[in-house]
Amino acid sequence: MANTLQFKEFSSFVNISFWHELSNKKLDELKLSEEPIQLNAHYTYSPSQQLDPFLCLEFNAFFNNTTNTTGNTYVLPPRSYLSHGTLFNYNTVDDFKQSPKLKLFDEASKRIWNDIKNGNVDKDTSLLNRFILLTYADIKNHQFYYMFGIPALLPSQPIQQFNEQPELITIEGLKSFSNQIVPQYFCLKQLDSTFELIGSIEEKGNQYLNECLKNDSIPLVGFCDPCSLPSNPGWPLRNFLIYLSVKYPTLKKLKVLCYRGNNSGNHNILLSLELPSMSELIEEKQQQQQQQDGQWNGKSVGWEKDTNGKIAPRFISLSSTMDPLKLAEQSVDLNLKLMRWRVMPSLELEKIKNTSCLLLGSGTLGCNVARSLMSWGVRNITFVDSSKVSYSNPVRQSLFTFADCSPKAKEKSVAAADALKKIFPAINANAQVFSIPMPGHSVPQSEYQSIRNTIETLENLIKQHDVIYLLTDSRESRWLPTMLSRAHGKLCINAALGFDSYLVIRHGIKNQCQNELDPSISSKLDYQGSDLGCYFCNDVIAPTDTLKDRTLDQMCTVTRPGLSMMASSIAVELLISTIHHPYGGRAKGETETDVYVQGSTPLGIIPHQLRGFISHYQTLPLFSNPYKHCTACSDYIVNEYISKGYDFIIDVMNDSSILTKVCGIDDLKNSEVNIDWDINISDDEDYDEEEKDNDKHNVDIKNNKEKNDDF
């Protein structure tokens, strides 16, 4: 039973950058001119069932459409197709209201018809997709009125489907499309349940369609469909069917593949259509040609409607965004928002934006971590460092330039914060200049008060921030932030470099989070949160002064240059994944390496620690439990700090061995160690004789008080 085919119209998607570019052109180039301007727009075959088919305009819509990808040329995004447009910009709102809208729309329709009749479409099928844009730009108040017209020529009779419902095509049937650039309009062949691309309409269409007509077979053509509806094709199919009907008058039936990508969520459909006869329409046009030079006098549709379904101008006010600073702020978020629209709808951009990060260390790691955080939309970053920018720093540390070390060296934290503000003025970047108190770095009594003030400043910074990054260049400088982060339940991420290896680890949080206590959330995950080991949990020696008596190669960061960028990027990505887990920093450490296994977050797994080896280009996700006697995060150490306060820190600075005493490691070293061997080797007769003399195989090792740093 035949039924009328209905199409889904385009919705316009005008990027803010387009209005900004239009304002600049109006002010600097157009002035009072109302001459039409050629535009380029694009549409993308639908990546999501939840999106309308959009016709997109961006700042580069004014660029020339050439094959050259350098300079001011219009370059199509991936999986996108060109639509040619004309802009009519008016000087006053009255001129805009009184503009000859119907005449302009009919002229655009005539251009499509003439391109079909003159054979221009045979060489370039993008000419089937045209639009007009009428605007009035009030650049003083950053306000714009606009109307879109996207003409579709109407046939003499509605197009019918000779199958009641479109056929749904599985992704298995379109596997051959995966590694190909799919043309805007194309012809193809069907082999059982699979489809193979023959070529574009421009290259293969004429030969293919004539062969089908000669053999009296139903042609199979396709187009890249921006629509995602299960029963309706998008707007670009309308003029394509008119083109086929005019060029091949004897073509009565054909099948059309609406290609929407080969992802599992896309609905690719196959339409079975009956084309109306265009002979009457052509004869009518031929008669009108003699009187009106062959211009289009038929009907066409395509004015964009407002939210109420009426053809009316749209209005947009960008007074709060057209300021360059605010425009930059919205533009910075553009890629992130596109990620949420197209790839990951659950991306929590606001949560990322509001996360405050404390970066302890403003060197190679600190600079790269800051840049990656800023790319993810983090707006609040504080640097801490006591060093100044040296001449060797700018080539390795991405936020510094030669001007930061000459004629007078700047503090690294200050220079890094200033650099972020130059890159993106809307960021809240702050700097603190002080040295982190470290175990084994003794201080005279005269400096005790200064040390207490520094500890208080560091503790307050840790309280004020959501995430603490340990990016310093010595082991002992990471101890105090590790202990304070543990004491205050803060997520702490540590990144450390070797010559050709790196370690990225997130420290555990002891106390349960709110979501763990919520049965509606915890029941879905079917597990409770997990406490994890810290940077010091695998050691049984206290951190001590490693900075004295160092040679030149030990005083400088000697690593392969690309290593810091890898470690920094992973440290930031680890944070973003953690933010998207319901348990946050209490998420269990995952070690799954099979990329086809679903992770615990939309972004994948959340490892506890990642050890990378660039010598073999390998990264290993690892996991370890917190050590009961850890010198940094154990309850013994945290409770001692809570009990004694800053005096405990000063004692540790003067004598780092206090840590092993407080956490109980010394007691383990000095205690008796019993090792029970339970060995039964019945096949060895010599051993059977010997075991009688070994008192039933029990060896008691007593009074072993040897100091063993690797215990």
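Predicted model: local features only at pLDDT ≥ 70, side-chain atom pairs only at ≥ 80, totals over all residues.
I'll start with the overall numbers. The chain has 711 residues, and 48% of them are buried. It contains 22 helices and 26 strands. If you take the contacts between residues at least 6 apart in sequence, 71% of them join residues at least 24 apart.

Next, the helix packing. Two packed helices are described by the angle between their axes and the distance between the axes. I have two pairs to show, and helix H19, residues 646-654, takes part in the one with H13 and in the one with H14.

Take H13 with H19. Helix H13 covers residues 448-464, and its axis comes within 10 Å of that of H19, with a crossing angle of roughly 115°. The two helices are therefore roughly perpendicular. The handedness of this crossing is right-handed. On the H13 side, the contact uses Tyr448, Ile451, Arg452, Ile455, Glu456 and Glu459, and on the H19 side Tyr646, Asp647, Ile649, Ile650, Met653 and Asn654. By class, the residues in this contact of H13 with H19 are 7 nonpolar, 1 polar and 4 charged.

Now H14 with H19. Helix H14 is residues 479-487; the axes of H14 and H19 come within 12 Å and cross at roughly 155°. An angle over 145 degrees counts as roughly antiparallel, so H14 and H19 are put in that class. This crossing is right-handed too, H14 passing H19. Here H14 contributes Trp479, Leu480 and Met483, while H19 contributes Phe648, Ile649 and Val652.

On to the backbone. Most residues other than glycine have a negative phi, and most peptide bonds are trans. Here are some exceptions in this chain. The peptide bond between Ser406 and Pro407 is cis, with omega about 5°. Pro407 sits in the loop that runs between strand S18, 380-384, and helix H12, 412-423.

Arg79 is not a glycine, yet its phi is positive, near 60°. It belongs to the loop between strand S4 (54-57) and strand S5 (80-90). With 36% relative accessible area, Arg79 is partly exposed. Asp192, also not a glycine, has a positive phi of about 55°. Its loop is the one between strand S10 (185-191) and strand S11 (194-200). Is Asp192 buried or exposed? At 77% relative accessible area, Asp192 is exposed.

Phe88 is part of strand S5. Its relative accessible area is 12%, so Phe88 is buried. Which residues does Phe88 touch, leaving aside neighbours within four places in sequence? They are Pro36, Leu104, Ile132, Leu133, Leu134 and Thr135. Thr135 is 47 residues from Phe88 in sequence, but the C-alpha atoms of the two are 6.3 Å apart.

The other two are Thr355 and Ser356. Thr355 is in the loop between helix H10 (349-353) and S17, and Ser356 is in strand S17, residues 356-360. Thr355 has a relative accessible area of 7% and counts as buried. Ser356 is buried as well, at 10%. Beyond residues up to four places away in sequence, Thr355 touches Val378, Asn380, Asp466, Val467 and Ile579. From Thr355 to Val378 it is 23 residues along the sequence and 6.4 Å between C-alpha atoms. For Ser356, again leaving aside neighbours within four places, the contacts are Asn380, Gln464, His465, Asp466 and Val467.

Last, the cysteines. A disulfide is a covalent bond between the sulfur atoms of two cysteines. How many disulfides does the structure hold? The count is 0. Two of the cysteines have accessibility values to report. Cys367 is at 0% relative accessibility, which makes it buried, and Cys405, at 5%, also counts as buried.

Notes:
Residues numbered from 1 in each chain as written. Heavy atoms only, no water. Disulfide = S-S within 2.5 Å. Buried < 20%, exposed > 50% of the residue type's maximum accessible area, 1.4 Å probe, protein only. Axes fitted to C-alpha atoms, helices over the stretch in contact; angles between N-to-C directions. Helix = DSSP H or I, 4+ residues; strand = E, 2+ residues; numbered from the N terminus. Parallel < 35°, antiparallel > 145°, perpendicular 65-115°, else oblique. Left-handed = near helix turned anticlockwise from the far one by under 90°. Contact = heavy atoms within 4.5 Å. Nonpolar A, V, L, I, M, F, W, Y, C, P; charged D, E, K, R; others polar.
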